[in-house]
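This report covers a helix end, a helix pair and a set of aromatic contacts. The sequence and structure are shown first.

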Amino acid sequence: MNTDYIELRARSAFSFLEGASTPEDLAARAAELGYGAMALGDRDGLYGAPRFYAAAKSAGIRQIVGAELTLDDDSRLYVLAPDRKRYQNLCRMITNSKMRVLNPGARARDGSIAAPVYPAKGESRITLDELERYGRGLICLAGGVMSPLSRMLVRGEDPRELCRRLGSIFGANNFYIDLQRHLDAGEERLNRKLAALAGAARIPIVATNDVCHGGSDRRLLDVLTCIRLKTTLEEAGRALWINSQRHLKSPAEMGALFRDIPTAVTASRAISERCNFQLCDMGYRFPDYPLPPNETPDSYLRILTYAGARERWRGAMDDRTRHQLEHELGIIERLKLAGYFLIVWDIVQFCRENRIMVQGRGSAANSAVCYALGITAVDAVKMELLFERFLSEERGEWPDIDLDLPSRDDREMAIQYVYRRYGERGAAMTANVITYRTRSAVREVGKTLGFSPDQVDRLAKLNQVYEFRDHHDDLVALLKRGGVDAEAPRIMMMVELVRKIQSVPRHLGQHSGGMVIAAQPLDEIVPLEPAAMPGRVVVQWDKDDCADLGIIKIDLLGLGMLAALKDAIPLIRAHEGVEIDLAHLPADDLDVYAMLRRADTVGVFQIESRAQMATLPRMKPARFYDLVVEVAIIRPGPIVGKMVHPYLDRRNKRAPVEYPHPSLEPILKRTLGVPLFQEQLLRMAMTVAGFSGGEAEELRRAMGFKRSAERMEKIETRLRAGMFRNGLQGSVADDIVRSITSFALYGFPESHAASFALIAYASAYLKYHHPAAFLAAMLNCYPLGFYHPSTLVKDAARHGVVVLPIDVMRSNWKCTIEIVDGRPATRMGLRYVTGLHEEIGLRIESERARRQFDSIADLTARVGPNRREIDALAYAGAFAAFGLERRNAMWNAAAVERDPKSLLAGVKPRENEVPLESMSPIDETLADYAATGLTTGPHLMTYLRADLDARGILSADALTRAKHQSWVKTAGVVIVRQRPGTAKGFLFITLEDETGIANLIVTPDLFQQNRLLLRSAGILLAEGVLQQVDGVTAIRARRFEEIKIPGTVPPSHDFH
Amino acid sequence: MVADFSIAAIVRSNPALADKVLAISRSLAPHADLDAVSMRARELGIRPGMTIAQARAISSDLVVVHRSPAAESSAHSALLDAVESVSPVVESGAPGCAWVDLAGLHRIYNGEEEITAELLRCVRRVGMEPAAGVAANKELAHLAARCGGVRVIEAGREREFLNWLPLDILGLGKSDRGDDLETTLARWGMRRLGELARLNPDAVGTRLGRRGVELVRLARGGSHAPMMPRRRAELFAESIELEYGIELLEPLAFVMRAMLERLAERLSLRGMVAGDITLAFGMSGHRSFNRRVEVAAPSNDVRAILTLVNLSLEASPPEAAVESIRIEIAPRVPRPAQTDMFLPPAPPPDKLQTTIARLSALCGPGNVGMLSAENSHRPEATRLDAFSPPSPPPIPENTLVKNVTQLVIRAIRPAREIEVMCTREIPEFVRGENLGARVISIAGPWRRDGEWWLGFTAKANAPANSSDNTNPAPKHGLELHDGRMFGAHPRQVSAENLKALSSLMPAPSPTQHLNGANGNGARTEINGANKCGFIRDYYELALEDGGVYRVFRDANSHKWFLDGAYD
């Protein structure tokens, strides 16, 4: 039997809803069946190619790169890339079809050039002309039911002319007709016609199997087909494949199927041997940085580094620093990475020149060179960070530099700069492969199985109801808890299919900030696609795939707090006369650390959450490194790994500092024997299990990898084996393994934590020393952080900041600073008036600058707000400067002529006839909340205090003085509800009153009993046992009551 | 008036929802707002304006339905019919609201209490729970009714009633300027009508427009809009929009029965009986279906009317799932029926449909009708359609010049079990009823498998109305094989190829295992469920006796079947 067969035609799940197996599954199955090589060609793209390449490489088979191209008549041709040049042509051809502008020269209504319209996803088509331009040399397989030849034969047309044309396009030796045998009589009839055509036109025949899945995914394939066709399995009928034969078959099976045409089998091997191209040989080059005359990248980098170092260390550069810089520059030179650093430096320079705050995060913060170049803000020398975590000669891979930028406009400006610098086809965003999540999977599978929309909805929502579930909770458990009979056959089938579909790519999105750039046009390296966002281009691979193939990625990530810091600095300069240099803030400001120890951190980056606040008094941070630990410790990784309490106990000397093994002492000494950072885990693996640097790096990537479950399992086996060799077993080994594997969920690298800690410290510094400007900036950059603006305002007010209300005679669109009694005060901006458009707000600002308003009518005539906007301003109390009480203003505003062209425009209504009663103070507060979402006046709870005092209900401030374990009552506005996945169903509620905030802990049982109340109450009265531990106050609440008021209560931030 | 009318209309058309935690929303998306909620939902704390997600968090039993204009229209007509049975002067108000002129009724009834009691009784008969207000003008009566129950406002005490009435009872909409009046007045500090009454109507008019002026007048009890009686209905109609399309007549009849009962009740309230019936169905794909059913002997006997309607529909059913139903009845004055003395006693023409209906009753509801091909890879897959004599097939054009040999297969239904002797899995001898010969040529196997979901999907759990593989009615017929060249080639398959193809059979793919057969073809179970789907290998066999047959081997049962014979 002829066993020469090589599978040349296969599609993976990256053919979106046309294939059911991942590239990894296909490669593994191919290896199992004894293939030495295999091709993968997804529809209209190379989406699955990198993953198939990596999987094939590790499985010991050779990858052949292909693609199934959709032509403009909807027929399809399958092509293979034999060499790099043809691969590049294929990429460009696919890119052209995806980026084809459908409205060239179109004009918008205002006469400007209209935004380009590209083909919708899955709708791109390739023309024969494009095939002629780029197809030469590609190997074309023109068989199968979807090929243009087959379609003509089925229609009874003569395909010989098309055959000749295709032959001339691809070249005589590159044009094949592939026959497929799936035990289908209809297909066999087509095969006979194709064979006759091939014989008549002297076209060679090759056998393929048009593989749609690896072997056991027929059901999933049918379901995916139904999802694609938006139908159910019942209704799909003949739209599904006739049988289950489109799986990867062994060479022997294929040899048997084509026993009558052995040359077709032999041809498959011959073609595979011609396809020598491997994805690692794409010819990618990182762009060259334009250098001054007589400079090399290395020499120029050295110049820039030392110039930066002199500025950074301000002449205090010691030998250790100089040695570290030399060490790093040496490695960079040996790895030929100077160009990369120069290009990142170039982006950072652009940001600096354009006053865009930028800060490198991630492992780049381990580098002194990055610090000197201004890429990062962490002094790696001072912090004793491990440079090898960032870059090592052993790994020999590209470094990963992530840049944090202020969110929105500044970040977009940086992205567009990269596009301009490297050209539309020279830079692109990386893709984000979206896979089915449980809810979407349940919805889609449920629909195909014929569940009614209501049933699908209910089943999908079971996932939402049990929000505290962790990854151990599977769908069956959820269904059972949701009252669904998980043993019912339909449900069991759904569960089985949902499990299968969860690893299947659903569609391609755009990564939040990852950009790739190349020296040559990127569309020669990887097909590009237009992104949904105008002006953005996306590659067909995700960031991990790009990294695997050595394509340089730079992450340009948006960070709200950076925007707030950036906004605060000019406010401080203008109103307080203080110049803030974030790079040189006083490092150990005692007041700031005292504030942190009090957990007075509302608004402080990363350490403002309830959990962080509960840790700060125990942690008692006194220096910067404590902050680094604080940032890293309240993460799911350390929490799940049960590292938080041991660390805090040791820090507070309640437990001795111990090490899992004496050999780990040097690694864990800084964190008191408790592993908290990724770097420590890498070093632990290297020490206890004898991992090499490369293996440790593999471990690190598995940690942060989306597809980590399987990889982590393999690595754990190796880890245990290594430890066993070193004599580590039993509970010690278990502890170490648990420490490492728990970081699969969001463990922080130390350098990353240090970068974040810098921002945390900067925000804490501004909060303490310049609270008014900090508040104004925070309010202007909202949404960001953990708390609603109403909480930020009340917190600032408790810290002595005067917060001035919205006033059309004073307020700008954004919040500003005014000097009141010689101290800066925050003036609320018009942007907080619900329903007021930015355009009107800015017009108020500009008209007022021209001339002050003298009445509502004057403002209306000059600014032109609509009726709702003027009412909203009146309701928000913004006309107080006209001497109008709120209802008075509303009454007058309602009578003002809005039409600026009217004769009555600008006529002042008679104000002495107002028949409405003035608002009571509590009504004013409620009106504030309704009109602006916050109040600058008294806290809502102030009005209830007398009653609360009478009932013995304590304020948040009084709670801090109450006795531990005493039974207490408190009440407040609910500002946060949180049910984290790591808390096993516990609910945490934060209440706010006029004195501060109080925390409630609710057990899962009590939550279930009081579910409605706890989820919906705006003002909550709770009683329970007070806990005062290490200066952290919380109530283990037992009883609850809602306090109802006639009005709007500020909304809470709910995380569940 | 009927409070929460949209809910009441839904419950009236679907009484099963009466005890449910019910809400109406324009969309079923989680973030869609609720437009109206039932009393039960309100008791649990669910309010209009909440999102569905919020309401579901309060009660997981919440049933959310779309608003049904058809049900509301029917309910409103029924309300008018009910009150018209008490007073001839009725004005139609907003949906769920009607004004009745009580002038002159005191000669029939004993005071307002008795009149309102009669009104309430009549409205309850048409399936709704009303409230009533009696006052000197329409607006005041409306406000009194909105307070719930029965409330009579005596003349001269209007201001007393209005002063403490909360503003939200007005159900204020938009002002002339498009503002939300309720919000504006609340912001002005207005809580009760008495406060509003103290404002200057002109000043309010300047700010809120005509609607504001009307409000102040209303608050002062000074509105005197005249009655505008409606014309009496000449047609009685009930409509319903179904949440899911109904494909079967039985559930359709079930729905129509309730509608006919409501119509009969309305007719009897007005002292009339049902005449000719017009059915109007809205169907999937924006299609419509209209049918007029003549009623020879007008009556309010729902059973009799329903039989007529059923027979009419069975004769020629709607072509698609019915998504909305409208039944119109022309009212007739009841009169004594008299048969024709001079005609022989013969069944009326529609008795034929009755006969078909009886056949259905005898053979089972799914066993009378016509078989037609199903969209499936299984050749014998058929579904049962309602009986309708097929029109003769059109004669193809250019029949004479078409020179293609058409191979015709005589399909055997159900496929007949046969015995096939194989050597190394290749058929060698076939034996069965009237059959016994050596195989001289083979084409195949051609594998068909699928329908693995049978037993799991909704349709499979539904009553078998179109089951094909369980159809007991044997049927022999001619089937034109779809592959016209197919029959010409079986003998061309070489013995070598046959062996090669056959060698594939004993090694089923992993998929086959999932589909219900293990390597030995034995039955397997999927997660405890019974086997489902089919796996068959079809062969065309030329036998020594000269016949060419299509046979298949069922991998689930390991049995061979004769599927057809080529003519």
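This is a predicted model: local features need pLDDT of at least 70, side-chain atom pairs count only at pLDDT 80 or more; totals for chains, interfaces and linings use all residues.

At the N-terminal end, α38(A) is capped by A:S855. A side-chain oxygen of A:S855 lies 3.4 Å from the backbone nitrogen of A:A857.

The buried residues are A:I856, A:A857, A:D858, A:L859, A:T860, A:R862 and A:V863.

## Packing of α26 against α34

Helix α26 (residues 624-633) and helix α34 (residues 750-769), both of chain A, pack with their axes 8 Å apart and at an angle of about 110°. An angle of 65 to 115 degrees counts as roughly perpendicular, and α26(A) and α34(A) are therefore roughly perpendicular to each other.

On the α26(A) side, the contact is made by A:F624, A:Y625, A:L627, A:V628, A:V631 and A:A632. On the α34(A) side, A:E750, A:A753, A:A754, A:F756, A:A757, A:L758 and A:Y761 take part. By class, the contact of α26(A) with α34(A) has 12 nonpolar residues, no polar residues and 1 charged residue.

## Aromatic pairs

Over all chains, a search of the whole structure finds 25 aromatic pairs. One of these is formed by A:Y340 and A:F341, with 5.8 Å from centre to centre and 80° between the planes, an edge-to-face arrangement. A:Y340 and A:F341 are both buried. These two residues also belong to a cluster linked by ring pairs, together with A:F286, A:F387 and A:F390.

A further pair involves A:F605 and A:F756: the ring centres are 5.1 Å apart and the planes lie at 75°, so this pair is edge-to-face. It links distant parts of the chain, with A:F605 in the loop between α24 (590-597) and α25 (610-619) of chain A and A:F756 in helix α34 of chain A, 151 residues apart. Both A:F605 and A:F756 are buried. A:F756 is also among the α34(A) residues that meet α26(A).

Definitions and conventions:
Residues are numbered from 1 along each chain as its sequence is written. Chains are lettered from A and ligands numbered from 1 in the order in which they are written. Side-chain values use heavy atoms; hydrogens and water are left out. Axes are lines fitted to C-alpha atoms, for helices over the stretch in contact, and angles run from 0 to 180 degrees between N-to-C directions. Helices (H or I, at least four residues) and strands (E, at least two) are DSSP runs, numbered from the N terminus. Angles under 35 degrees count as roughly parallel, over 145 as roughly antiparallel, 65 to 115 as roughly perpendicular and the rest as oblique. Contact means heavy atoms within 4.5 Å. Ala, Val, Leu, Ile, Met, Phe, Trp, Tyr, Cys and Pro count as nonpolar, Asp, Glu, Lys and Arg as charged, and the others, Gly among them, as polar. Buried means under 20% relative accessible area, exposed over 50%, partly exposed in between (1.4 Å probe, protein chains only). A polar contact is a pair of N or O atoms within 3.5 Å; within protein, one must be able to donate a hydrogen and the other to accept it, and residues adjacent in sequence count only if both atoms are side-chain atoms. Rings of Phe, Tyr and Trp (its six-membered ring) pair if their centres lie within 6.5 Å; planes under 30 degrees apart count as stacked, over 60 as edge-to-face and the rest as tilted.
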